[in-house]
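This briefing is written for a reader who is new to protein structures.

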Amino acid sequence: MSLKRPFRFCPRLGVVFALAASMLPSCAQVEFYDRGALANPAMQFESDRTESHFQQKVFQSIEGASGGMGNTGGGGCGCS
Amino acid sequence: MLLGRHIFKACLVVGVASISMTQVASAQEGLLDNFESITIRLGTYARDDASDGSKGNPFLDEDLAVVQPAIVFDYRLADDWLLTTDFAIDRVSSASVERFGSRGNQSGASGDVYIGLDFGLQWQSTPDRIWNYTFGYSGEYDYKSIGLGAGVSQDISGGQTQISLTVSGYFDQLDVIRATGLDDGSDNRSSFSLTAKAYHILNPQAHAEFGLSITTQSGFLSTPYNSVFFREPGAGEDEWTDWGLANAVAGDELLPDSRLRNSLFGRLRWSLKEDLAVELGGRIYSDDWGVQGLSLEPRLYLELGDAQVLRLRYRWYDQTAADYFSDLVFSDTAEFMTQDSDLGDWVSHTVGVGFESGDWHAALDYVTRSDDLNHLLFSVAKTWKF
């Protein structure tokens, strides 16, 4: 079997990436002493990495899409 | 009901393990000196098909229940070296997939055990640079997979921005066991991923992370035990209806032997008050099988007390079907065919609640899909930090 179709790049990907990249230069330096709010428990991205790992593994196995935050882009399982 | 029993067992197991670990830790001071943390987690999820299997793919009974105990620990090897280990076992119970007509049960899938073991090594080469190396093994009755990965993350501008780059590869060997139980030998599949990610502090109240992931897969990418129904050669066109199986014959799923997948993802969390934060996350996915997926995920985090956080989330996910998917009977001349519901065209809504109290975490999520294949997820975990 061989793949017949050329790869199609979704234009929405480019738009989102451009928006995300444009955020960076617009942000001023935040000093260490101004980062107190970011240390609150409610602001932690990885408060429980095992929970997010479990959930993303499940979503990867039940959806056609894969990849994302803390997740592999595919492989390592018997599913397609 | 089935998941209710799993949830009860999950709480019981983690509770008993918690008591045991606490006793070990107190009795063996020194034994755990080099451990940074140990987590015991029990996760479970279930997929609900109708009793007659009419949800999702009406050809198949897709009921599924998975229970996954796991132990995760971080072990300090040296000041600048950290070992992380994740050991998980999945106990899978799925309805025997009785195929249309006289097809036999799906081989091995009515009860299956998955074992996954992942090691990670983190080396902090400089105060602002960390290298990661990973090795993993996973296996079930019909496949074995070895995973290798490496990555680097770099702090820049005084920790305000962190960028990371990760490459990983998975090398799977599959036993091609068909729905009938026929063993078609073995085949291979390899997957390579490149993920670039950036974390950035936007202002004193907000930070964000976003990234890009590209994956290329090659080899045997079909699911060996998935069947499809196609037109019996020579059957008249006028005999067909949407779900017309009168003259259908069952065959094996056929999918291309390569796939290029990419996704853009990101999330931004904003602290509205000292005890209240909101997050908006999302992902855009596209691959050359024709699947495009878009998800948006708002979350709300509320601190209820000392180290107690309540998390509410909603996730909207919309995907288009793979070009090779059909919920109708295929033509007998189709080159590629799949009737796997997970590659179909549907929308899902997930609502979830999570609660963190000290070292305890619990989460419950319910997923509704437009093809009626709904899922319930639950996990509970206890972490010891040293």
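In this predicted model, the side chains of Arg315(B) and Glu63(A) form a salt bridge, with a distance of 2.7 Å from N to O. Across the interface of chain B and chain A, the rule finds three salt bridges. Within chain B, ring pairs join Phe35(B), Phe73(B) and Tyr75(B) into a cluster.

**Polar links between the chains**

- The pair Arg315(B) and Glu63(A) joins one chain to the other, and its N-to-O distance of 2.7 Å lies within the 4 Å that a salt bridge requires.
- Between chain B and chain A there are 17 residue pairs in polar contact, counted where both residues have a pLDDT of 80 or more.

**The side of chain B that touches chain A**

- Strand β12 of chain B, residues 258-273, gives the most to this side, contributing 14 residues.
- The residues on this side of chain B comprise 40 nonpolar, 35 polar and 29 charged ones.

**Extent of the interface**

- Chain B brings 104 residues to the contact, and chain A brings 63 residues.
- Together the two chains bury about 7,200 Å², and 57% of this area is on carbon and sulfur atoms.

**Aromatic pairs**

- Over all chains, the rule counts eight aromatic pairs.
- Phe35(B) and Phe73(B) have ring centres 5.3 Å apart and planes at 70°; the pair is therefore edge-to-face, because the angle is over 60 degrees.
- This pair links distant parts of the chain: Phe35(B) is in strand β1 (residues 35-48) of chain B and Phe73(B) is in strand β2 (residues 64-78) of chain B, 38 residues apart.
- Phe35(B) and Tyr75(B) have ring centres 4.9 Å apart and planes at 80°, so this pair is also edge-to-face.
- Because Phe35(B) lies in strand β1 of chain B and Tyr75(B) in strand β2 of chain B, the pair ties together parts that are 40 residues apart in sequence.

**Accessibility of the ring residues**

- Which of the two words, buried or exposed, applies to Phe35(B)? Phe35(B) counts as buried, because its relative accessibility of 17% is under 20%.
- Phe73(B) has a relative accessible area of 22% and is therefore partly exposed.
- Tyr75(B) also counts as partly exposed, at 24% relative accessibility.

Note on methods:
Residues are numbered from 1 along each chain as its sequence is written. Chains are lettered from A and ligands numbered from 1 in the order in which they are written. Side-chain values use heavy atoms; hydrogens and water are left out. Contact means heavy atoms within 4.5 Å. Buried area is the accessible area (1.4 Å probe) that two parts lose on being put together, summed over both. A polar contact is a pair of N or O atoms within 3.5 Å; within protein, one must be able to donate a hydrogen and the other to accept it, and residues adjacent in sequence count only if both atoms are side-chain atoms. Helices (H or I, at least four residues) and strands (E, at least two) are DSSP runs, numbered from the N terminus. Ala, Val, Leu, Ile, Met, Phe, Trp, Tyr, Cys and Pro count as nonpolar, Asp, Glu, Lys and Arg as charged, and the others, Gly among them, as polar. Rings of Phe, Tyr and Trp (its six-membered ring) pair if their centres lie within 6.5 Å; planes under 30 degrees apart count as stacked, over 60 as edge-to-face and the rest as tilted. Buried means under 20% relative accessible area, exposed over 50%, partly exposed in between (1.4 Å probe, protein chains only).
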